[in-house]
Amino acid sequence: MPDPIPPAEQRDGFRFRGGHRALDFVATLAARLKPVPRDLLAVPGDVERWLVAAGFASGAGATEADLFTARRLREAIHDLAVARIAGEPDPAEARADLNAVAAGSVAAPQLDPTGGLAWQGNAAGLLGEVAREAVLLFGGAQALRIRQCEAEGCAILFLDTSRAHDRRWCSMAACGNKAKVAEFRRRKRSAE
Ligand SMILES: [Zn+2]
């Protein structure tokens with residue numbers, strides 16, 4: 001039996017395998033490589049749920065406009081990541097979209113009475129924060145570590161923080177395991 005997917009990788013129906021919030025946001029379009037992808041951000045409430053699952057604690061008050069911004073931001077991050085992985089120049093439209101959201105509404109990180117981190121702001125401000133984290137990622141040294149899962153049919157992006165920079169799968173428990181099983185079957189077949 002393959003290992004179950006660790007709970008940390010799956011929260012409230014969303015996948016968090018990327019090791020970076022901005023890359024995880026791209027996974028809200030599920031089955032991206034299939035003829036009919038599944039948009040997990042279908043209504044404004046889904047944006048609120050993702051923001052909570054992503055660790056912001058509150059994503060209150062998402063509107064239809066926020067849903068539109070969320071999808072635009074998501075595809076901008078996707079297009080930039082795919083271009084970087086391919087060694088191509090940043091697509092101008094994606095860069096403009098990302099920068100626009102990053103320069104928009106602000107949510108403030110605050111220290112709460114217990115010494116923990118609490119975000120103060122609405123959904124628009126928190127989406128702005130996701131965009132700013134994406135800008136810092138693409139504009140920084142870690143941009144060279146952005147990868148796309150090598151499993152067939154999987155488009156999930158992740159940040160390769162492995163020491164040898166040789167991580168191939170979005171999730172060892174999911175895609176890595178499937179690939180190992182497939183490789184085992186291939187070897188067994190060729191030995192028969
Ligand atoms: Zn994968």
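## Crossing helices: α3 and α4

A crossing of two helices is called left-handed if the near helix is turned anticlockwise from the far one by less than a right angle, and right-handed if it is turned clockwise. In this predicted model, α3 passes α4 in a left-handed crossing. The contact draws on Thr69, Arg72, Leu73, Ala76, Ile77, Asp79 and Leu80 from α3, and on Ala94, Arg95, Asp97, Leu98, Ala100 and Val101 from α4. Sorted by class, the contact of α3 with α4 holds eight nonpolar, one polar and four charged residues.

How are the two helices set against each other? Helix α3 covers residues 64-86 and helix α4 covers residues 92-102; they pack at an angle of about 130 degrees, and their axes are 8 Å apart. Angles under 35 degrees count as roughly parallel, over 145 as roughly antiparallel and 65 to 115 as roughly perpendicular, with the rest oblique, and α3 and α4 are therefore oblique to each other.

## From α4 on to α5

Helix α4 also packs against helix α5 (residues 123-138), at an angle of about 125 degrees and with the axes 7 Å apart. These two helices, α4 and α5, are therefore oblique to each other. Here, too, the crossing is left-handed as α4 passes α5.

On the α4 side, the residues that meet α5 are Leu98, Asn99, Val101 and Ala102. Their partners in α5 are Leu127, Gly128, Ala131, Arg132, Ala134, Val135 and Phe138. By class, the contact of α4 with α5 has eight nonpolar, two polar and one charged residues. If you follow Leu98 and Val101 of α4 in the viewer, you will find them in the contact with α3 and in the contact with α5.

## Two arginines to look up

Arginine 21 belongs to helix α1, which runs over residues 21-26. Leaving aside residues up to four places away in sequence, arginine 21 touches Trp50, Ala54, Gly55, Phe56, Trp119 and Glu133. With alanine 54 there is a close approach to look for: the backbone oxygen of alanine 54 lies 3.0 Å from a polar atom of the arginine 21 side chain.

Arginine 49 sits in helix α2 (residues 44-56). Is arginine 49 buried, exposed or partly exposed? Its relative accessibility is 32%, so arginine 49 counts as partly exposed. Its side chain is joined to that of aspartate 46 by a polar contact of 2.9 Å. Not counting residues up to four places away in sequence, arginine 49 touches Asp12 and Phe14. Arginine 49 and alanine 62 are 13 residues apart in sequence, and their C-alpha atoms are 9.7 Å apart in space.

## Loops with a positive phi

Most residues other than glycine have a negative phi. Aspartate 12, a residue other than glycine, has a positive phi near 50 degrees. You will find aspartate 12 in the loop between β1 (10-11) and β2 (14-15). With 45% relative accessibility, aspartate 12 counts as partly exposed.

Alanine 31 has a positive phi as well, near 55 degrees. The loop that holds alanine 31 lies between β3 (29-30) and β4 (38-39). Alanine 31 is partly exposed, at a relative accessible area of 30%.

## The start of α6

Which residue caps the N-terminal end of α6? Serine 171 does, with a side-chain oxygen 3.3 Å from the backbone nitrogen of alanine 173. Helix α6 spans residues 172-191, and its buried residues include Ala173, Ala174, Cys175, Gly176 and Asn177.

Notes. Residues numbered from 1 in each chain as written. Predicted model: local features only at pLDDT ≥ 70, side-chain atom pairs only at ≥ 80, totals over all residues. Heavy atoms only, no water. Buried < 20%, exposed > 50% of the residue type's maximum accessible area, 1.4 Å probe, protein only. Helix = DSSP H or I, 4+ residues; strand = E, 2+ residues; numbered from the N terminus. Polar contact = N/O pair within 3.5 Å; in protein donor to acceptor, adjacent residues only side chain to side chain. Axes fitted to C-alpha atoms, helices over the stretch in contact; angles between N-to-C directions. Contact = heavy atoms within 4.5 Å. Nonpolar A, V, L, I, M, F, W, Y, C, P; charged D, E, K, R; others polar.
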